[in-house]
Amino acid sequence: MCGIVGYIGKEKCLPKIISGLESLEYRGYDSAGVAYIIDEKIKINKEQGRISNLKDNINLDIGSYIGIGHTRWATHGKPCELNSHPHKVGKITIVHNGIIENYESLKKDLCEYEFISETDSEVVAALIDKLYNEEQDMLKVLPRLKEFLLGSYALGILVDNDDKIYAIRKDSPLIIGVSELGNFIASDVPAILQYTNLYYLILNNEFAVLNRDDVVIYDKDGKVSTKNLLTFEGSREAAMKNGYEHFMLKEIYEQPKVIMDTISEYITNVDILKEKMKGLENYEEIDIVGCGSAYHVGLVGKALIEKYGHIRVNVDIASEYRYTDHIYKKKHLILVISQSGETADTLAVLRKAKEDGIDTLAIVNVVGSSIAREADRVLYIKAGVEIAVATTKAYSCQLMMLSMIAMYLGLHYEMLDESIFDEYKKLDKLIDKILEDTSDTKIVAEMIYKNKDVFYLGRKLDYALGMEASLKLKEVSYLHSEAYAAGELKHGTISLIEEGTPVLSIITEDDIRFKTLSNVKEVCARGALSIIITNEEVQDKEVYDKLILVPKLHDLVGSVIVIIKCQLIAYYVAKLNKCDIDKPRNLAKSVTVE
Ligand code: F6R
């Protein structure tokens, strides 16, 4: 959570810092602030709310060439100007992304300082100031921080009367961008892409000193370290809206491409499939763990892997799994799923699994992220940069990766043959067609957007899809929405159905088609506004007010079409309700706190 940016170089720093923060706003948007050096003095501006508030209230043209900035997702202390970053204590000014777990005890030890905010970050600034007064040299201070700080931090630091930016990280992401015109620190690559695509990835406890013309990176013991300069392969356009009104819509429309990017290698060459998935058939049990949409996609994975892989699969939410005792089989796999690769609870599950000696596999989007680096094996999806806080394209790519695991196992057990590849190969054209005409989803949005409560119904796979569809709808449109296993509704929840309550039923599997339809009839009898999303015509016209028909595909690939329809419904409802679609209230893209 939170985004940090810094620039030092030959050009004015504020336009670069503000545009960097704008690209990181998905990480949090409760308040924003900048600190910059002008006439050898540090100046700070902060504003509550969006970066646009800050931008409206500062002069971007100020002749400052060194500065740091922050966009905040509040953890310690409410969102207000006082708790906003940067924090200045003594000679030290910092921006911080992360959480300091022992800040209260540190605060007591730093009793000579007077604290004005409620934040853990101000305590870090005081600690650095104290150490700096002792050492008089930041190169001696930075390696000492790990002795004092428990928790996670990526820090950008300015020191009075010192024309440099210092940066250090532990368990919160940090990159250093380099260019002819100057050097950058940032929480994520999109913040620097307007100026450079060359960057260093900073690992835990490493730190860096940025000068106007060079960057020096040090290892955890303070020795100069030589690192590979990386090139961000995606285009800058990937991080821009490209004419779409919202990133969410743009990312929905990118799905034909990114799904094919994710799957094409595996489905053109069975040897690559076998090489990448080798050994998965040997596991007796798999625990799939993730948060939010990553958890939901795991539920789809369970249905497919159990069907084609003869392996028992358990799916759990990372924040629950990590605090629960588990019984492991001899050959047990923990499969963590994370778009960002930085989600705190998912990372904790991974680390615990490794401590316990259990094999780990990660499905990740962000290359080089903590989860990707630490898992025993990684299957990368190729969703590209996902900016909208609500995930769409990453979920679909994760779904396809799980589908390919199931497909690999199905081939292994000869339940499938290589002709299954054709089902995957036609997906992009089919999705293109869905995206060409979205009128049915717009009509559904018109039908439901004024309601307060919405229900999704489904069984098995369709229930798992309903859970994701429901999350998508509630997080972007603020409508209250629940997903129910269709057969469970009558055990309580059906009392909530009244005249006009929208019920969206997903029906794609033949073996439970008529069971779910009879549940639809039950809600229709109680006055529900019934919308059915299905892959087969429904003869009884009495059971729906609107039908969304999707192509009937193999169950390994069909779910992705259904979820795209549901993403579009969520998007259009949010649009009709004039919601802040890309940045829904109270959320952040990368959840690096528990
Ligand atoms: C919902 C959403 C979240 C994420 C969750 C996990 O649209 O995006 O529920 O799925 O925060 O994030 P990652 O996948 O980065 O671990």
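Of the 594 residues of the protein chain, 61% count as buried, where buried means under 20% relative accessible area, exposed means over 50% and partly exposed lies in between, using a 1.4 Å probe and protein chains only. This is a predicted model, in which local features need pLDDT of at least 70 and side-chain atom pairs count only at pLDDT 80 or more, while totals for chains, interfaces and linings use all residues. Residues are numbered from 1 along each chain as its sequence is written, and side-chain values use heavy atoms, leaving out hydrogens and water.

**The whole chain**

- You can find 20 helices and 24 strands in the protein chain; helices (H or I, at least four residues) and strands (E, at least two) are DSSP runs, numbered from the N terminus.
- The radius of gyration is 25 Å, close to the 25 Å that the globule rule gives for 594 residues, so the chain is as compact as a globular protein of that length. Here the radius is taken over C-alpha atoms, and the rule is 2.2 Å times the number of residues to the power 0.38.
- Along its principal axes, the C-alpha trace spans about 80 × 50 × 45 Å.
- Among contacts with a separation of 6 or more, 71% are between residues 24 or more positions apart; contact means heavy atoms within 4.5 Å.

**Two residues to look up**

- Q255 is found in helix α8, which covers residues 255-268. Its relative accessible area is 0%, so Q255 is buried.
- Leaving aside residues up to four places away in sequence, Q255 touches T392, K393, S396, I564 and Q567.
- F514 belongs to helix α19, residues 513-525. With 63% relative accessibility, F514 counts as exposed.
- The C-alpha atoms of F514 and C2 are separated by 48 Å, and the two residues are 512 residues apart along the chain.

**Strand β9 and its partners**

- Strand β9 (residues 175-179) is mostly covered, with four of its five residues buried.
- β9 and strand β10 (residues 182-186) run antiparallel and are joined by five bridges; two strands pair if DSSP finds at least two bridges between them.
- A hairpin of two residues connects β9 to β10, and V178 stands opposite N183 in β10.
- β9 also pairs with strand β11 (residues 198-201) in the antiparallel sense, over three bridges. In this pairing, I176 stands opposite Y200 in β11.
- As background, side chains in a regular strand alternate between the two faces of the sheet.
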